[in-house]
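Q: I would like a close look at a single part of this model. Please go through it step by step, and then set it in its surroundings.

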Amino acid sequence: MSQKSRLLTVLDVITLFLLLVATWMVFFYAPMERVMGQVQRVFYFHVAAGWVGMLGFLVAAVAGGIYLATANRKWDIVEVSAVEIGMVFALINVVTGSIWARPIWNAWWTWDPRLTTATIMLLVYAAYLMLRSGIDDPSRRARFGAVYAIIGFISVPLTFFSARLFRTIHPIVIGSNQPGATGQFDMSPLMVQTFLFSLITFTFIFIVLLWHRIRMGQMADYVEELKLKIGDQ
Amino acid sequence: MDNRPVLVDRPTFWRAMWAIVWKDMAAELRSRELISAMFVFALLVIIIFNFALDLDPGTRTAPSITSGVLWVTFTFAGTIGLNRSMATEKDRGCLDGLLLAPVDRSAIYFGKVIGNLVFMLLVEAILFPIYSILYNVNLFNPGLIFITILGSIGYVAVGTLLASMAVQTRTRDVLLPILLFPIVIPIIIGAVKGSTAFLQGLPMSEIWPYINLLIVFDVVYTTLAFLVFDYIVEE
């Protein structure tokens, strides 16, 4: 089994540092939003977590496609690692969103398309994990997982557009403003800097976690191999 | 002595597909277990809805209630049908036999889809008049029937694929709805909204978005399932 790469150790330290700086920026560097007050600060990590969630599911779908084409077990490990990390961050995204929505929309939850899509997406990947846990044969588990990761990812935009046939109240901070959205605000330059920094930080967290999780998957495979060897003797 | 290899007459795609559809129809005609199970289950769901939602004469004819109850019923009954249809293939090793046959794998997929679609449409065709009588609403609306067909196609296309996955797992029947429902939510939304719009008699310009959504869903999922089905049945 390969030793932990030095680059990974360096990345660990960089990511931790970035996270500390990002947290400081969110609380002290970014100015307070005039209308919403302190609760607006949740926005920086909320969007960043959502971005990492989507990135994780995209990586999983791509890895699934490569697995189906090559049948190389490495890509199966990448796929399941990306889904697991994506789920954690998608959950953080939904929870932080709820915390913001309570004072701003006066409700923890609304059936807004974005909220609905985010939750259905979480359920898709929960189903993905249940599907995998129900199959013993590793190659079948990998094939079915890959197929479901691809179908699940393609269903996300369809869910979004179908839910969008109802009216939305979720603010669109980046891009065009929408009449009727509640909690809309324009970012000042300091806010933009904090926001971009959070995005970069979370992307680093994603890369580091993915790397660690892939390593863990490979080690688990190695342990399985050793177990089989002992069983043979 | 003629040493040329014997050329087996490899059935064409269409012949293989129709053979599978015919097999499902013949088996169903003799046992009648799939359609009767789906139908009785659907009827029970409709009756439970009557009490669960406490539908009085004023609300039960409302278009949104009608399409909602109908689509929940179709979704649940469809799951039963899909599970049963794939489980019978798996149970006595029929699927392995089908896979050994020298036919294109996608012919098996489309054969099963058409079979399942016929069963689902039949159950819907029986339920429509019964629902009309029980709830005193007229469901003989060409638009509503069109939406029902579009919705069923998408549901069955992705449902057949996921059911062939679910039957090969340890948790089988339990897993299918969990795999299927989050994926078919867009089609449920489109079908419910479209059915409501037709029942309300809205102008076509307001109904087109739902029809388009259903068509996009049907095309995307049929294509996708066609592309990946090989990996599901591979041994």
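In which helix of chain B does T196(B) lie?

A: The model is predicted. T196(B) lies in helix α7 of chain B, which covers residues 172–200. The relative accessible area of T196(B) is 9%, under the 20% cut-off, so this residue counts as buried. Now for the partners. With neighbours within four places in sequence set aside, T196(B) is in contact with P63(B), S64(B) and S67(B).

T96(A) belongs to helix α3, residues 73–105 of chain A. The relative accessible area here is 13%; T96(A) is therefore buried. A polar atom of the T96(A) side chain lies 3.1 Å from the backbone oxygen of N93(A). Leaving aside neighbours within four places in sequence, T96(A) touches V42(A) and H46(A), with heavy atoms in contact.

Next, the packing of that helix. The axes of α3(A) and α6(A) are 9 Å apart, at an angle of about 135 degrees. The two helices are therefore oblique to each other. The crossing of α3(A) past α6(A) is right-handed. On the α3(A) side, the residues making the contact include I77(A), V78(A), I85(A) and F89(A). On the α6(A) side, F202(A), I205(A), F206(A) and L209(A) are among them.

The buried residues of α1(A) pack against α6 (189–232) and α2 (42–70) of chain A. Those buried residues are L8(A), L11(A), T15(A), L18(A), A22(A), M25(A) and V26(A). An α-helix has 3.6 residues a turn, so residues three or four places apart point the same way. At the N-terminal end, S5(A) caps α1(A): a side-chain oxygen is 3.1 Å from the backbone nitrogen of L7(A). Helix α1(A), residues 6–29, has 24 residues, and at 1.5 Å a residue should span 34 Å. The end C-alpha atoms are 32 Å apart, which agrees.

Finally, chain A overall. The chain has 6 helices and 0 strands. The C-alpha atoms fill a box of roughly 70 × 40 × 25 Å along the principal axes. Of the 233 residues in chain A, 49% are buried. Among contacts with a separation of 6 or more, 74% join residues 24 or more positions apart.

Notes: Residues numbered from 1 in each chain as written. Chains lettered and ligands numbered in written order. Predicted model: local features only at pLDDT ≥ 70, side-chain atom pairs only at ≥ 80, totals over all residues. Heavy atoms only, no water. Helix = DSSP H or I, 4+ residues; strand = E, 2+ residues; numbered from the N terminus. Buried < 20%, exposed > 50% of the residue type's maximum accessible area, 1.4 Å probe, protein only. Polar contact = N/O pair within 3.5 Å; in protein donor to acceptor, adjacent residues only side chain to side chain. Contact = heavy atoms within 4.5 Å. Expected span 1.5 Å × (residues − 1). Axes fitted to C-alpha atoms, helices over the stretch in contact; angles between N-to-C directions. Parallel < 35°, antiparallel > 145°, perpendicular 65-115°, else oblique. Left-handed = near helix turned anticlockwise from the far one by under 90°.
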